[in-house]
Amino acid sequence: MSSRGTAWTSTQPHYLHDSTPQSYAEGAWLAAKVFTDPARKQGANLTRASLFQALNGMSNYTTGFTVPITMSSDHGPNHQVTWGKWNGHGFAFGGWQPW
């Protein structure tokens, strides 16, 4: 198992104490990694536009669980996104925007 797979199997029990590894947690982990890895690379320069550009340019991204991921130009079934912003009490969501 790769380091990403090891990270997931050690993290899941930390937050889901009474749960054994399962596909729902794995799917959430993969989605978070696909989003946060490009975002972290942007650092202080992260903007919505730069994140979209990084995600759109994703090629041979290795998750540790799947074959390498390359984002297709049509984003598969995901043609719109919405942004959530923490306001101190909960998340405020904007409207849907084209990806």
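Me: Why is Met 71 called partly exposed in this predicted model?

Reply: Met 71 has a relative accessible area of 22%. Buried means under 20% and exposed means over 50%. The value of 22% lies in between, so Met 71 is partly exposed.

Me: Where is Met 71 found?

Reply: Met 71 is in the loop between helix 3 and strand 1, the strand of residues 80–81. Its C-alpha atom is 7.2 Å from that of Leu 55, and the two residues are 16 apart along the chain. Met 71 is also in contact with Met 58.

Me: What else is Met 58 in contact with, leaving aside its neighbours within four places in sequence?

Reply: Besides Met 71, the contacts of Met 58 are Val 34, Pro 38, Ile 69 and Thr 70. Met 58 and Val 34 both belong to the largest nonpolar core.

Me: What makes up that largest nonpolar core?

Reply: The core has nine residues: Val 34, Ala 39, Leu 51, Phe 52, Leu 55, Met 58, Tyr 61, Val 81 and Trp 83. Helix 2 (23–42) and helix 3 (48–56) are the elements that give two or more residues to this core. Helix 3 supplies the largest share, three residues. Members of such a core are buried and are joined through side-chain atoms within 4.5 Å.

Me: Why is Asn 60 called exposed?

Reply: The relative accessible area of Asn 60 is 53%. The cut-off for exposed is over 50%, so Asn 60 counts as exposed. Asn 60 lies in the loop between helix 3 and strand 1. This residue has a positive phi of about 55 degrees, although it is not a glycine.

Me: How do you know that Asp 37 and Lys 33 form a salt bridge?

Reply: The closest N and O atoms of Asp 37 and Lys 33 are 3.2 Å apart. A salt bridge requires a side-chain nitrogen of Lys or Arg within 4 Å of a carboxyl oxygen of Asp or Glu, so this pair meets the rule. By this rule the count is one salt bridge. Side chains of opposite charge can pair when their charged atoms come close.

Me: Where do Asp 37 and Lys 33 lie, and are they buried or exposed?

Reply: Both lie in helix 2, four residues apart, which is about one turn of the helix.

Me: How many aromatic pairs does a search of the whole structure find?

Reply: The search finds two aromatic pairs. In one of them, the ring centres of Trp 86 and Phe 91 are 5.2 Å apart and the planes are at 70 degrees. Centres must lie within 6.5 Å to pair, and planes over 60 degrees apart count as edge-to-face, so this pair is edge-to-face. Ring pairs link Trp 86, Phe 91 and Phe 93 into a cluster.

Me: What do Trp 86, Phe 91 and Phe 93 form on the surface?

Reply: They form a nonpolar patch, with about 410 Å² of accessible area together. Trp 86 and Phe 91 are both exposed. Trp 86 has its place in strand 2 (residues 84–86).

Me: What pattern does the protein chain follow along the sequence?

Reply: The pattern is α-α-α-β-β-β-β, with three helices and four strands. Of the 99 residues, 22% are buried. The accessible surface comes to about 7,100 Å², and carbon and sulfur atoms hold 59% of that surface.

Technical notes: Residues are numbered from 1 along each chain as its sequence is written. This is a predicted model: local features need pLDDT of at least 70, side-chain atom pairs count only at pLDDT 80 or more; totals for chains, interfaces and linings use all residues. Side-chain values use heavy atoms; hydrogens and water are left out. Patches are made of residues with over 30% relative accessible area and no salt bridge: like charges are joined within 9 Å, nonpolar side chains (Val, Leu, Ile, Met, Phe, Trp, Tyr) within 5 Å. Accessible areas come from the Shrake-Rupley method with a 1.4 Å probe; for residues, only the protein chains shown count as cover. Rings of Phe, Tyr and Trp (its six-membered ring) pair if their centres lie within 6.5 Å; planes under 30 degrees apart count as stacked, over 60 as edge-to-face and the rest as tilted. Buried means under 20% relative accessible area, exposed over 50%, partly exposed in between (1.4 Å probe, protein chains only). Contact means heavy atoms within 4.5 Å.
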